[in-house]
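My notes follow in the order I looked things up.

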Amino acid sequence: MAIIFGGVFLFANLISACVSPLRKTSKLEAPAFIVAALFSGLSLLLLNSALCNDNTLIAQLQQDAANLGNNGLGFSDSCSISTGANCTIAAMVFWLVAAVTSRQGVVTEKLEEERSDTATEPLIPGENL
């Protein structure tokens with residue numbers, strides 16, 4: 001879910017940057033990236049669930065493999081953090097970094113708009129530029 005949700009907003013962000021150089025940064029980008037980080041983190045809850053510990057399907061697969069003469073097939077009895085979980089943690093960090101930088105972009109655009117609005121006024125009232 002995180003890949004789909006975050007990926008859609010990431011590619012929308014990339015495409016909108018290529019289409020219009022004067023684009024406005026969407027205020028929804030930062031919350032969308034935070035939700036993607038949340039979905040990535042929620043996938044780690046699987047490590048402590050019944051799907052991972054004492055899974056009857058895994059036990060059945062091991063029994064079927066032993067009946068077929070393939071005793072080399074083995075699954076661990078419990079789940080632990082390995083390469084996939086480490087990649088998920090890294091993805092969570094990157095989604096959060098994307099959210100922070102996107103939010104900072106929105107704040108910077110607002111400040112630039114405020115500065116540009118005040119800079120276009122003439123220094124002497126009533127004087128035409």
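**Helix α2**

I started with helix α2, residues 29–43: 15 residues, reaching 21 Å from first C-alpha to last, close to the 21 Å expected at 1.5 Å a residue. The expected span here is 1.5 Å times one less than the number of residues in the helix. Helices (H or I, at least four residues) and strands (E, at least two) are DSSP runs, numbered from the N terminus.

The model is predicted, so I kept to these limits: local features need pLDDT of at least 70, side-chain atom pairs count only at pLDDT 80 or more, and totals for chains, interfaces and linings use all residues. Residues are numbered from 1 along each chain as its sequence is written, and side-chain values use heavy atoms, with hydrogens and water left out.

Which residues of α2 are buried? I listed Glu 29, Ala 30, Ala 32, Phe 33, Ala 36, Ala 37 and Ser 40. They cover an arc of only 165 degrees around the axis, which puts them on the same side of α2. The arc is that of the directions from the helix axis to the C-beta atoms. Buried means under 20% relative accessible area, exposed over 50%, and partly exposed in between (1.4 Å probe, protein chains only). An α-helix has 3.6 residues a turn, so residues three or four places apart point the same way.

**Confidence and layout**

I checked pLDDT, the predictor's confidence in each residue, from 0 to 100. The protein chain has a mean of 77, and 77% of its residues reach 70 or more. Confidence is lowest in helix α3 (residues 56–67), at a mean of 75, and highest in α2, at 88.

I counted four helices and zero strands in the protein chain. From the N terminus on, the order is α-α-α-α. Of the 129 residues, 16% count as buried. I then looked at contacts, meaning heavy atoms within 4.5 Å. Of those with a separation of 6 or more, 74% join residues 24 or more positions apart.

**The aromatic pair**

How many aromatic pairs are there? The count comes to one. Phe 33 and Trp 95 form that pair, and it is stacked: 5.8 Å centre to centre, with 20 degrees between the planes. Phe 33 lies in helix α2 and Trp 95 in helix α4 (residues 83–119), so the pair ties together parts that are 62 residues apart in sequence. The rule pairs rings of Phe, Tyr and Trp (its six-membered ring) if their centres lie within 6.5 Å; planes under 30 degrees apart count as stacked, over 60 as edge-to-face and the rest as tilted.

I looked up both partners. Phe 33 counts as buried at 2% relative accessibility. Trp 95 is buried too, with a relative accessible area of 15%.

**The core**

The largest nonpolar core has five residues: Phe 33, Ala 36, Ala 37, Trp 95 and Ala 99. α2 and α4 each supply at least two of its residues. The largest share, three residues, comes from α2. Such a core is a set of buried Ala, Val, Leu, Ile, Met, Phe, Trp, Tyr and Cys residues joined through side-chain atoms within 4.5 Å.

I followed Ala 37 next. Leaving aside neighbours within four places in sequence, Ala 37 is in contact with Met 92, Trp 95 and Leu 96.

**Ser 40 and Ala 2**

Is Ser 40 buried or exposed? Ser 40 counts as buried, at 6% relative accessibility. Not counting residues up to four places away in sequence, Ser 40 touches Ala 2, Thr 88, Met 92 and Trp 95.

Ala 2 counts as buried at 9% relative accessibility. With residues up to four places away again left out, Ala 2 touches Gly 7, Ala 36, Phe 39, Ser 40 and Trp 95. I also noted Ala 2 and Leu 38: 36 residues apart in sequence, 7.8 Å apart in space, C-alpha to C-alpha.

**Helix α1**

I closed with α1. In α1, Ala 2, Gly 6, Gly 7 and Asn 13 are buried. Seen down the axis of α1, its buried residues fall within an arc of 130 degrees, so they line one face of the helix. On the other side of α1, Ile 4, Val 8, Phe 11, Ile 15, Cys 18 and Val 19 are exposed.
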